[in-house]
Amino acid sequence: MTPGSALTLTLRAVGEVMQAAHDPWWVIASAAVALHGVELNDVADVDVLLSIGDARRLFAALDITPHPQADHPQFRSDLFGTWMAAPLPVELMAGFRYRTAHGWQAVRPQTRVAVDVVGVSVFVLDRAELSALLYGFGRPKDHVRAARLAALA
């Protein structure tokens with residue numbers, strides 16, 4: 001990640017805002033892959049997984065209106081909102097799940113790794129758990145990111 005890039009500035013802002021969280025939280029998807037050291041040029045937003053309680057508190061504090069439950073074919077969240085005060089949109093997801101061949105799979109992280117972003121801690125899944133999550137999403141772009149993540153090891 002390039003210092004001063006939109007992604008770096010957004011991740012630092014996320015780390016600062018999430019200091020108010022009471023429960024563990026994680027950056028997932030493409031931004032998490034970048035935090036592990038994979039060079040990506042297509043990170044369009046930052047996805048943050050957090051608890052329902054933290055989502056309620058942060059939505060109120062940041063004046064985020066929760067999005068109504070969308071009928072997305074692959075992803076669902078009990079609470080979902082977008083924070084637009086950083087250079088990239090930040091999607092906050094509580095109660096997040098994705099569709100598999102066997103139904104909806106809840107995402108319940110087991111690992112948590114701190115990454116320093118310009119003096120602020122941002123948390124991600126470890127490489128193995130992140131890779132499994134990306135493969136679970138089933139999308140070709142996520143499979144490519146998971147393979148690039150695995151190539152770092």
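Which residue lies over the face of Trp 26? In this predicted model, that residue is Arg 112, found 6.0 Å from the ring centre. Arg 112 turns up over another ring too: its charged end sits over Phe 123, 3.6 Å from the centre of that ring.

Next come the contacts between rings. A pair of aromatic rings is described by the distance of the centres and the angle of the planes. Searching the whole structure turns up five aromatic pairs. One of them brings together Phe 75 and Phe 137, edge-to-face, at 5.1 Å centre to centre and with 85 degrees between the planes. This pair ties together distant parts of the chain, since Phe 75 belongs to strand S3 (residues 75-76) and Phe 137 to helix H4 (residues 127-137), 62 residues apart. Phe 75 has a relative accessible area of 16%, so it counts as buried, and Phe 137, at 5%, is buried as well.

Phe 137 also pairs with Tyr 98: the planes of these two rings stand at 80 degrees, with the centres 5.3 Å apart, so this pair is edge-to-face. Here again distant parts of the chain are linked, with Tyr 98 in strand S6 and Phe 137 in helix H4, 39 residues apart. Together with Phe 75 and Phe 96, Tyr 98 and Phe 137 make up one aromatic cluster.

And what about strand S6 itself? S6 (residues 97-100) runs antiparallel to strand S7 (residues 103-106), and four bridges join the two. A hairpin of two residues leads from S6 to S7. Across this pairing, Arg 99 stands opposite Trp 104 in S7.

Note on methods: Residues numbered from 1 in each chain as written. Predicted model: local features only at pLDDT ≥ 70, side-chain atom pairs only at ≥ 80, totals over all residues. Heavy atoms only, no water. Pairing = 2+ DSSP bridges. Phe/Tyr/Trp six-rings, centres within 6.5 Å; stacked < 30°, edge-to-face > 60°. Buried < 20%, exposed > 50% of the residue type's maximum accessible area, 1.4 Å probe, protein only. Lys NZ or Arg CZ within 6 Å of the ring centre and 35° of its normal.
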